[in-house]
Amino acid sequence: TNCSFKSYETKPLNNEKMIDKFIAKDPESASFRAFLKNQGLNDDHLPINEWGLKELMLCALFFNPKIEIAKKEWDIAKIQEVISPIKAASSLGIETGRQPAGPFEESKNAIGLNITTLFETADKAKIREEKAINQSLVKRLELRKLAWDIKSELTFNFIRYQQHLLNLQILRNEIKLQSEILNMVRKRKSQGLTSSVDSNFNQIELNKNIQKLNEEQYQFNETKLKLASIIGLSSEKINTMRIATINLDEQIQSFNTILDDENKQQDIISLGLFNRIDLRIALAKYAVSESQLKLNIANQYPDIRFSPGYIFDYGLGRWLLGITSIIPTIEKNKYLVEEAKNLRDIEGLQIEKIQTSIVNEISKLRDNYTIAKDMVRKDVEDFSSAAEYEKSIESKFSQGEIDRLELTQQKLITMQYKRRFYTNKIALLKIGFDFESLLQVPLDNAKKI
């Protein structure tokens, strides 16, 4: 029952069980499937065949241990909401005595009973409850902030994963073309048609790209491990999951629709200033400091303890009423109030600091977006020109006007333009997600304002 005493239960940590628990985490488990259904996914979408950002985020919300820790901290704060308004416990006392010698009256025994009850003044219990509610709000918002930070980190590494995947594909094609060029140059050298300088140069360029490929593969594996860590699964589990390919053009166009709309620029700033989660956390912390100031001011007023009692004193009964109060130290309370005021001012300045940072960061991202967009526009032109020129070279090759070496060299140049084009395109995409990370809300929300 609610009034029963709680007994202590040991819960020792077992490393082996903890490791087994981590390894047992499975995106195909029944518990995770039930969680997905609770999030709105129906049986038609289960099991998940391709893991995009949305699906990976759901995985992180279920398996990432940081989320569970934040939930426990919020639970503790909610318990404090219940505890804070409860007044101090009353005390019950019994005193007994016996007269060993001397003249006895009606009785030689004495017994006393008293109850002490605390009456708080200045609405201290109400203020404590207000403070606990605000502290609970801070923890709830910190949980939301953590979820958003995980989403931002997941998005960053998901985009990196896509970039490494594209780079690996293009680098392999470049190496294939470079190997063909090197073989043709070597044949020409053996026939005395070219010098060893050309052969050595092409060998060096090939070796550079092979080194790039190895580094890219290493970074690809590291990013995949990072994704596994973020979603809270083992590397073995994520290797069994098919990561979806992002539609670059569609996602970039979605961002461009908002970022290119001049009428939405103030809306973007408003999203950051009024909806950012850490700003709301700062406001909640300000409310906590305000409650603490109220409590310190209320503590200037002494609480009163009433002690009604009854004494049976050697045959005579007496009723007693005691009133006691601890007089607060005026000087100490003065400084406690001053301290609370300073803490409140600090929290207020934190809000101003965050708001200033938001406006400056949005301005910086706007500049980066303009530069990145111009670079992609130029890359589109360069890549298109290179592809057109490659077609003309192919036409000349088919007519016998040039040899295969020149055609392959142009294909390599086109492939290099393609790699630069996708590198800058992904950089543009990242800036769109940087806006979301800064605002802590999806950019699509700007359409609703």
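Which element gives the largest share of the nonpolar patch? I looked, and strand β2 does, with 3 residues.

**Ground rules.** I am working with a predicted model, where local features need pLDDT of at least 70, side-chain atom pairs count only at pLDDT 80 or more, and totals for chains, interfaces and linings use all residues. My numbering runs from 1 along each chain as its sequence is written, and side-chain values use heavy atoms, with hydrogens and water left out.

**The patch.** I find L92, I94, I111, L113 and I115 together on the surface, with about 490 Å² of accessible area. β1 (91–98) and β2 (109–119) are the elements that give two or more residues each. For patches I take residues with over 30% relative accessible area and no salt bridge, joining nonpolar side chains (Val, Leu, Ile, Met, Phe, Trp, Tyr) within 5 Å and like charges within 9 Å. Areas are from the Shrake-Rupley method with a 1.4 Å probe, and for residues only the protein chains shown count as cover. Strands are DSSP runs of E, at least two residues, and helices are runs of H or I, at least four, numbered from the N terminus. I checked L92 in strand β1: L92 is exposed at 63% relative accessible area (exposed is over 50%, buried under 20%, partly exposed in between).

**Rings.** I count 10 aromatic pairs (ring centres of Phe, Tyr or Trp, the last by its six-membered ring, within 6.5 Å; planes under 30 degrees apart are stacked, over 60 edge-to-face, the rest tilted). I picked F255 and F433: their centres are 5.0 Å apart and their planes at 85°, so this pair is edge-to-face. F255 is in helix α8 (residues 248–259) and F433 in helix α12 (residues 404–439), so the pair ties together parts 178 residues apart in sequence. F255 is buried at 4%, and F433 is buried at 13%. I also noted one aromatic cluster of F32, F35, W51, F62 and F63.

**Charges.** I get 19 salt bridges (a side-chain nitrogen of Lys or Arg within 4 Å of a carboxyl oxygen of Asp or Glu). How far apart are the closest N and O atoms of E205 and K208? They are 3.5 Å apart, and the two residues sit 3 apart in helix α6 (residues 196–231), about one helical turn. E205 is partly exposed at 26%, as is K208 at 47%. For D278 and R276 I read 2.6 Å between the closest N and O atoms, and both residues are buried. Last, I traced a salt-bridge network linking K378, D379, D382 and R420.

Conventions: Buried < 20%, exposed > 50% of the residue type's maximum accessible area, 1.4 Å probe, protein only.
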